[in-house]
Amino acid sequence: MKLPRKFFEKKTLRVAKELLGCFLIRRIGRRKIVARIIETEAYCGPKDLANHASKGRTPRTEIMFGQAGYAYVYLIYGMYYCFNVVTERVNYPAAVLIRGMEINGQKIIGPGKVCRELEIDKKLNGLDLIKSQKLWIENRRLMNQNLESKIEDRRAKANQQKFNIISLPRVGVDYAGEYKNKPWRFGIWKS
DNA sequence: GATAAGATCATCT
DNA sequence: GATGATCTTATCA
């Protein structure tokens, strides 16, 4: 089941944890990629110095000040894209970065790799994940009627087992002062 | 195995 | 003009 907007309108830390095990779905023409989210990072509001939006409202960060459930995609280091989902309420800039996923059991770790694999670039910035047919997120448990193959059935079963969430400091935010060591990176490599 | 350097550009100062 | 919410390749040990 596609996640509703309400899911994203909660506290960013909670959304970041609840997204683990959910399925990121990407449709490119007739091709559909189903990826299980296994690593995220939370960027929590204007005071979080690691958050791009902590420097205020700019053209780039505008989307984070909008409604939850929209895609925030930006170019990093001139070569890679990072994909985030906007969270919380209007005028409160926050988002969850998708850092790692699993496709048919194959792990893809790193936000740049995630975007390369799913063909996510700036054209998808500002996309509404609640309405889009190109990119959306589904529940941890795939509904039976959505199962398209035995492979997907197996994947759904594997996902029903309990998993432990590991939390660590975020990556690449040494400049963020007191926020640099906040354990706002979440993963389920172990399950 | 570990660490370092290089690629490459939108964004903000 | 400097700087990244990164990744790959090269060069060490």
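How much space lies in the largest pocket? I looked this up in a predicted model, and the volume comes to about 420 Å³.

**Entry: the largest pocket**

I listed the lining next and found 22 residues. Tyr43, Tyr74, Ile76, Cys82 and Val171 are the closest to the centre of the pocket. I then sorted the lining by class: 15 residues are nonpolar, five are polar and two are charged. Strand 2 (31-44), strand 3, strand 4, strand 5 and helix 3 each give at least two residues to this lining.

**Entry: DNA strand C**

I turned to the protein around DNA strand C and noted 24 residues there. His52, Asn84, Gly110, Gly112 and Tyr175 are the closest. Of the DNA strand C atoms that come within 4 Å of the protein, 53% belong to sugar and phosphate.

I checked single contacts as well. Tyr175 has a polar side-chain atom 2.3 Å from a phosphate oxygen of DNA strand C. Lys113 uses a polar backbone atom, which is 3.1 Å from a phosphate oxygen. For Asn84, a polar side-chain atom lies 2.5 Å from a base nitrogen.

Elements with two or more residues in the surface near DNA strand C are strand 3 (71-76), strand 4 (80-86), strand 5 (94-103) and helix 3 (111-118). Which element gives the largest share of that surface? I found helix 3, with four residues. By class, I recorded 14 nonpolar, seven polar and three charged residues in the surface near DNA strand C.

Notes. Residues are numbered from 1 along each chain as its sequence is written. Chains are lettered from A and ligands numbered from 1 in the order in which they are written. This is a predicted model: local features need pLDDT of at least 70, side-chain atom pairs count only at pLDDT 80 or more; totals for chains, interfaces and linings use all residues. Side-chain values use heavy atoms; hydrogens and water are left out. A residue is near a molecule or strand if one of its heavy atoms lies within 4 Å of it. A polar contact is a pair of N or O atoms within 3.5 Å; within protein, one must be able to donate a hydrogen and the other to accept it, and residues adjacent in sequence count only if both atoms are side-chain atoms. Ala, Val, Leu, Ile, Met, Phe, Trp, Tyr, Cys and Pro count as nonpolar, Asp, Glu, Lys and Arg as charged, and the others, Gly among them, as polar. On a 1 Å grid over the protein atoms alone, a cavity is a set of points where a 1.4 Å probe fits but cannot get out, and a pocket is an open set with protein on both sides within 12 Å along at least five of seven lines; lining residues have an atom within 4 Å of a point. Grid points are joined across faces, edges and corners, and a volume is the space filled by probe spheres set on the points.
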